Amino acid sequence: MKNIDSYTHVRGESVYLDDIPLVNGTLFASVFDSPVAHGKIISLNTDEAMSMPGVVRIFTATDIPGENQIGGIIPDEELLAGTHVHFCGMPIALVVATSDKEAKAAVKKIKAVIEPLPIITDPREAKEKGELIIPPRTFQLGDTTTAWNQCKHIFEGSTETNGQEHLYIETQGAYALPQENGAIRIYSSTQGPTAVQRTAARVLSLSMNQIEVDTTRLGGGFGGKEDQATTWGLMCALATYHLKKPVKYALHRIEDMRMTGKRHPYSSDFKIGLDTDYKIIAYEATFYQNAGAAADLSPAVMERTLFHCTNSYFIPNVKATAYSCRTHLPPNTAFRGFGGPQGMFVIEAAIAKAAEQLQIYPLVIQQKNLLKTGDVFPYGQIAQSEANECWDKAIKLYDVKKLQQEVADFNSANKLYKRGIALMPICFGISFTKTMMNQARSLVHVYTDGSVGISTGAVEMGQGVNTKILQVAAKIFSISPDKIKINSTNTWRIANTSPTAASAAADLNGKATEIACLKILERLKSVAAEECILSADIGKTEIPPFELKEEWVYINGEKTDWNWNKLVMAAYIKRISLSELAHYTPPGIHYDANKEKGHPFAYHVYGTAITSVTIDCLRGIYEVDAVKVVHDFGSSMNTMIDIGQCEGGIVQGIGWMTMEEIVYDKEGKLRSNALSTYKVPDIYSVPKEITINSLETEKDNLAIFRSKAVGEPPLMYGIGAYFALRNAVKAFNPAAVIPYDAPMTPEKVLMSLYQTPNP
Ligand code: MTE
Ligand code: HPA
Ligand code: MOS
C-alpha cells in the first residue's frame, strides 16, 4: 500500500504549520536570544524595539504567570531567561508585532548588557568541575576487573562523535489561538503534543484541560521536536494568553539552527580484552555526554547509550559508565537513535582498533561475538537474537569475500584512488526506556455512512505512521482504505500521549487501534448474528460460520446481501456503539534503575550493513559506492514505507558520520549556523547504491502485525561508512594513526592520507 500522504505531498496540498489559514488579527512573534553563552543579565533595554513600527508588546520572564520552567525530566530550564543566560541562543525576550518582518526588525533593536561568566563547551572539563546533569550511571555484567586476566589481547582508546543538526525541512513553529473562557488552542509542529500541553499549563498557570494542542503533520522531526517544540508553542501561547490574539511563530532556519539543541556529542574511553580466539572477554567504556546547558532529554539519551554499549555483541564482562555533562551549549536533545548510535560507535571503534593491532579483518571479531538467542544483555534482558541470521545472510547474499577481494584488487591497481569496506551489525531496543511511557490510546469512530475516523497519539512526520494505522483498521474491519481517515493528533481527543518517538509509534498506537477496531467488530458481528444470519437461517440455534470479508458478510463461505454499510446502519438503529477508545500497553516490560537490570525492551531489531567507499587520494574527497543491507523487518506490513525508512536512516547516519560537522567556538557560538557552513548529504553524496534485503521471520514478536519498528535502527548502518573510510585511508597510508573522531570529513581524510607518524 502506498503512503497515504504521497498524493497531497506531491501536489503541495499537505497541511504543515505554515499552511494553516491565518485568523484575522494574527500577530507574529520573534525571540531575542542570548548573544553570549554564559552570563548575568545586568540590564535589558527594549525601549527602541517597542517604538518600532508594528510592535505590539515585548514579553520577558516577569510576564510569565505560572512557573518559568520548561524542563521535561528535570526542572532546570527557563522559557525566558530570568537573571542568567546559559547558552548562546537562550531566549531572553519575545517580541510580538503585526508582521513577521516587523517582529524580527524589532528584535535587532533590543539591547542587553550581560556580564560574562566562564564558559565550558567540553564535556570532560564539565565533568572535572562537577557539572553533571544527573549522577553517573553504570551498567555491569560479570566482573571486568578479574576478566582482564583471561584476556590475551587488551586495547584501549578514546573516541569522539560530534553532534548533528536535525535539519527537519519544516523548521520549528507554532500558532496559538485564544478560545472561550481563557482556553488556548496551539497548533504545534511537535512530536509531543502532550508535552506542549503540559508545559503550557505549567507556564501559564492553567489546567491541562484548557490547553488544546493540535498537530496535523510535521515536515520532519527526527527527535528535534520531541521536547524542543515546546518552547515555540509556549512562546505563542504566552503572547496569546496576555493579548487574547492569535500569535504565530515559525522560525527562520538560522534562528532554528542557533537556538535549538542537536544530537549529543560524546567523548568516550574504551578498553577491550580478547582471548586467543578473538572472543571479547571484557569491555569497559566511559561516556562523557555533552548535554548542553539544561537536562532536556539528556538523562534518557544517556541511558539509551548504556543500553546500546555492546551493540550486537555478547560480552560476558562489561562495565559501562556514563556522565551527562552540563556545558554552555544549547541543550542537546533526542535525535534518531537517541544515544544508541553514540554507544555503538565506541564498541565498533574498540573492535576496529583491536583488529588493526592484530592485523585481522574487524569482521573476524565482529562475527565471533554476535549475540545469540539466550545471551544476556548487560542490563539483564535475554536476547531473542537475529544477529547471526542477518549477518550470515548478508555475507552470503552479497558475497563479502568477493567484495573484499575486489577492494584489494582495486587498491593494488590504483595509486590515487583507494577503496575501503566495512561491516556494521546493529541491534536496537524497541520501547521507551522509561517503561511508563509505553502506552497509547486510539479513538475509532465508525460513521453511519460506513466511513471511519481514527485519532491516536501518533504524530505523522514523514515516517508513514498514519498509513500503518490506517492499514490496521482496514485489515481488522476488512474494508477499503478509502473509507478510513486518520485525523490530526489532538490532546482533546487523545489525552496523556507519549511523544511519537523511540520508533514505537506504529506499535503502540497501531495496537491500540487494533484493539479498538476489534471491539467494534465484535459488536458488529453480534449485530450480524442477530440480523443477517438469523434472517438467512431462521430456526437454527447455532450460529453458522460467518465472516466479514472485503466489506461483505459471508455465511458458510457464501456471500450474503449484507455489506459493511448495511451492518453499520443496522448497529446504529439497534443503538449499538460504533465508537471505541482503546488503550494499549506492551506486556512484560520492566526495569529497575537501582539494580540497572530488567527487561526494558519489547524486542530488538537487528541487521547488518556492508558499506564500501572510494576516496580520491589527491583531494581527500570520497564517494560511498554501496550500502548493502540485510535488515530484520520481522514481517513488514508496508515494504515501501519500511524501505524508505531504511534508506533515509542510512543517508542520515552517513551524514552524521562523514560530513555533518557542527562547530561551536570556545565562546560557545555556533559557527556552522547555516546551510552554507553545515553540509548535509545531497543527491551527489548519497550512496550510489543502497540495497536492502529483508530478514523475514515467522517468529512472534510484540510489533504491530509482527512488523518490527523501523524508524531509528537503520541510522546506525551509517556508522559503517566511517570505518570503511578509515580502511580506505589505511590502504593509502598504512602508517596513519587516525583518531576515532567522527565525522570523517574530507578534510580529515586528506590530513590522514598525508599524515606522517610522529618521530
Ligand atoms: N522519518 C521521517 N521521514 N521523518 C522523521 O522525522 N523521525 C525518526 C523516524 N523516521 C523521522 C523519520 C525518528 S527519530 C523516530 S523515533 C521515528 O521515525 C518515529 O516514528 P515511528 O515511531 O512511527 O517509527
Ligand atoms: N527513546 C526516544 N525518545 C524517548 C525515550 C526513548 O527511549 N525516552 C524518552 N523519550
Ligand atoms: Mo526519535 S529520536 O525517538 O524522536
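For contacts I used one rule: a polar contact is a pair of N or O atoms within 3.5 Å; within protein, one must be able to donate a hydrogen and the other to accept it, and residues adjacent in sequence count only if both atoms are side-chain atoms. This is a predicted model, where local features need pLDDT of at least 70 and side-chain atom pairs count only at pLDDT 80 or more, while totals for chains, interfaces and linings use all residues. Residues are numbered from 1 along each chain as its sequence is written, chains are lettered from A and ligands numbered from 1 in the order in which they are written, and side-chain values use heavy atoms, with hydrogens and water left out.

**Ligand 1**

I looked up the shell first, taking a residue as near if one of its heavy atoms lies within 4 Å of the molecule. Ligand 1 has 19 residues around it, and G221, F222, M461, A505 and Q645 come nearest. A polar side-chain atom of Q645 is 2.7 Å from a nitrogen atom of ligand 1. On the backbone side, I found an N or O atom of G221 at 2.7 Å from an oxygen atom of the ligand, and a polar backbone atom of A505 at 2.8 Å from an oxygen atom of ligand 1. Alone, ligand 1 exposes 520 Å², of which the protein buries 91% (Shrake-Rupley areas with a 1.4 Å probe; for residues, only the protein chains shown count as cover). By class I get eight nonpolar, nine polar and two charged residues in this shell. Here Ala, Val, Leu, Ile, Met, Phe, Trp, Tyr, Cys and Pro count as nonpolar, Asp, Glu, Lys and Arg as charged, and the others, Gly among them, as polar.

**Ligand 2**

Which residues are around ligand 2? I listed E226, R304, F338, F432, T433, M437, A501 and A502. That makes five nonpolar, one polar and two charged. The side chain of E226 puts an N or O atom 2.5 Å from a nitrogen atom of ligand 2. R304 has a polar side-chain atom 3.1 Å from an oxygen atom of the ligand, and T433 brings a backbone N or O atom to 3.1 Å from an oxygen atom of ligand 2.

**Aromatic pairs**

I paired rings of Phe, Tyr and Trp (its six-membered ring) if their centres lie within 6.5 Å, with planes under 30 degrees apart called stacked, over 60 edge-to-face and the rest tilted. The structure holds 18 such pairs. Y288 and Y323 are stacked, at 5.4 Å centre to centre and 10° between the planes. Y288 sits in strand 14 (residues 280-292) and Y323 in strand 15 (residues 317-326), so this pair ties together parts 35 residues apart in sequence (strands are DSSP runs of E, at least two residues, and helices runs of H or I, at least four, numbered from the N terminus). Y288 is buried at 11% relative accessibility (buried is under 20%, exposed over 50%, partly exposed in between; 1.4 Å probe, protein chains only). Y323 is buried too, at 16%.

F345 and Y722 have ring centres 5.0 Å apart and planes at 70°, so I logged the pair as edge-to-face. F345 is in helix 10 (residues 340-358) and Y722 in helix 18 (residues 719-732), so parts 377 residues apart in sequence are tied together. Both F345 and Y722 are buried. I also noted a cluster linked by ring pairs: F139, F307, F377, Y379, Y591 and F601.
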